[in-house]
Each structure stands twice: as structure tokens, then as C-alpha cells.
Amino acid sequence: MHAIIGVQRDNWNKLCHMTVNMTTIAAAMLAAMNSGVGSTSLSMSVAAFLLNGGAAGFMYLASKYQPSQLAEEQRTASRFHKLLARDIETTLLIDPRLRKDAHLYMEEVTGRLQALDVGFPLPLKPNGLEKFPKVVAPSVLGPIADLAETEIPANNTNGWTDAITKDLQRIADKLQASDIAKYVRAARNKETPNKRLAIAAPVFAVVAALLSLVGCWPGIQLAGVAAACSIIAVLVSSFSNGGQIGMIFELYRNCAGYYAEMEQDIQSTMRIPVCQREDGELYHQKIALQLGRRDQMPMFSSEEKTAGKLF
């Protein structure tokens, strides 16, 4: 379902982008021709007004809902649902002695599924994600660990040694301090220009529409200015929606969410009784693969700036 909706919203983005471009360019051509004739044509002015007004409406909807971002949300949801399904299938193939306690694993899977449903809603309203949040945070891909609980030290059973525990804690600290912060900062840097462009495009289109209408009055020659505003509107809209800045913002936010979910998983695992955890060596190997690294001890040197190597 998420994959289907993702394709649909990607089609929305292409259709809206093409419609805005064709409508605004047609309005600019009418306004330019109107300014070149000896006397202003009422029919051309009204047509340019209607075209610019319609384009402004489409630009407003595109700026408000960010179709490219909507498509990326659903693509990400589809990927993480597939990842969850593969995780379940792989876990069932593992020797039961190496798995996490069945009851705890069931709670984990249920929590991840619920987090994906909340984090990537299908309907636009009433629970759609805010496109320009005041506080940029990683996307939520799994249950949040209760850090109030005390960590349970390793006791050299079930594959859990002091070395593995310390290395995993070091990985969690590096993810929190470096990887997550890096992608949240990148998402925040994309949000500010995207918001300004989302406001500017429909404003220029509205100004062009008003100038086209006012320019039909006798003695007032504003058709050329209206044509210029239409061109600026289509350029700003093309850069914002055609450049898919909203999608890039969502991509960075989801990269931060990927690492945040991994950090939360490590923290919650450290608070489970050792006998109920997944085998320590197997868990360390899984974390290494998810980070795009080799399964070695320690997993990375202190000079490296980030824990992850995937993105």
C-alpha cells in the first residue's frame, strides 16, 4: 500500500509541476503580447489573470503539501516495512538458542510496526506529517528506549562480554553525537530555503495575476511587469518543486531516523536481562552490517568522525 501511494504521489508531483509551468508560461506570453500591442486587450488581460490565478492555486497546494516529500515518505515506509519483514524471516531461521526472548521480540516487532504506522501515515489529513516543522527531528522508525532503566552489565554468558558491551555503548554514543546530529543539521539546512521558496512562488504568481487585471484599465501599462512576475514565479516554482527540495529534506530526516532507531535499539538491548537477549556476537555482527562496517573489535577507531558508512 505504501509503495502504491508513493507512486501516486510522485505522479502528483510531476503533474503539478507540468501544470504550473505550462499555465504560468502561457500567462506570461499573453501578458507580454498584451504589452506589445498599441492598446491593452481586455480579453488577453483577463485570460492572463485567470491563468496566473490558477497557477498560484496549484503553487500554494504544492508548497503546502510538498508532493515530492510525500512520495519520499511513502517510499521510505515501504522500504522499512520490507526490512521488518526480512528481519522476522531471518530471525525465524536462527537457532532458537541464539535468538532474543520470543516475548520480547514480539513486543519489539509490534513496536516497530506501530512506529512506522505513526511515522509515515497514508492519509494527508488529519495526521499527515508537518512539512515545515519548527523543530527538525529524526523520523521515528521504532520504539523509544526507556533510558530511566538501569543498564545490565555483561556476565560472559549468551555471547555477551565486557568488550562487546563497551564497543556497542561506544557505537551508540557516536551515533547520537555525530551521525544523527549530522543528518538533522543537513535536513534543517534544506528546510529554511525550501520554506522561503514555497512562500515566494505563489506570491509572485498572485502579484502577476493582479497586475494582469489592473493592466487592462485605460492608461495603465503593467502587462510587461506582470509577464516578468510570471516568469519569476515559474522559475522559483521549478527550483523548489522540480528540484524536489522537500524530498531531499525528508531523505536527510530519514537518514537521521535510521541511525536514531539503531541507537535506541542498542540502548534498549543493554537494559534487557542478558539471558533474554540475542546472542552478543551475533548482535554485534548485525550492528556492523547495518552500519556498513566490518565485524571487528573495536568497530571503528577514535579518529573517525562517524560510526555509519552507508550514506
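This is a predicted model: local features need pLDDT of at least 70, side-chain atom pairs count only at pLDDT 80 or more; totals for chains, interfaces and linings use all residues.

**Stop one: the rings**

Searching the whole structure turns up 5 aromatic pairs, where Phe, Tyr and Trp rings (for Trp, the six-membered one) pair if their centres lie within 6.5 Å. Select tyrosine 258 and tyrosine 259: their ring centres are 5.5 Å apart and their planes meet at 75°, so this pair counts as edge-to-face (planes over 60 degrees apart; under 30 is stacked, the rest tilted). Both tyrosine 258 and tyrosine 259 are buried, meaning under 20% relative accessible area, with exposed over 50% and partly exposed in between (1.4 Å probe, protein chains only).

Numbering runs from 1 along each chain as its sequence is written, and side-chain values use heavy atoms, without hydrogens and water.

**Stop two: charges over rings**

Select arginine 170 and phenylalanine 300: the charged end sits over the ring, 4.3 Å from its centre. (The cut-offs: NZ of Lys or CZ of Arg within 6 Å of the ring centre and within 35 degrees of the ring normal.) Then try arginine 277, whose charged end sits over the ring of tryptophan 160, 4.6 Å from its centre.

**Stop three: leucine 291**

Which residues is leucine 291 in contact with, leaving aside its neighbours within four places in sequence? Select Ile171, Leu175, Tyr259, Met262, Met299, Ala307, Gly308, Lys309 and Leu310; contact means heavy atoms within 4.5 Å.
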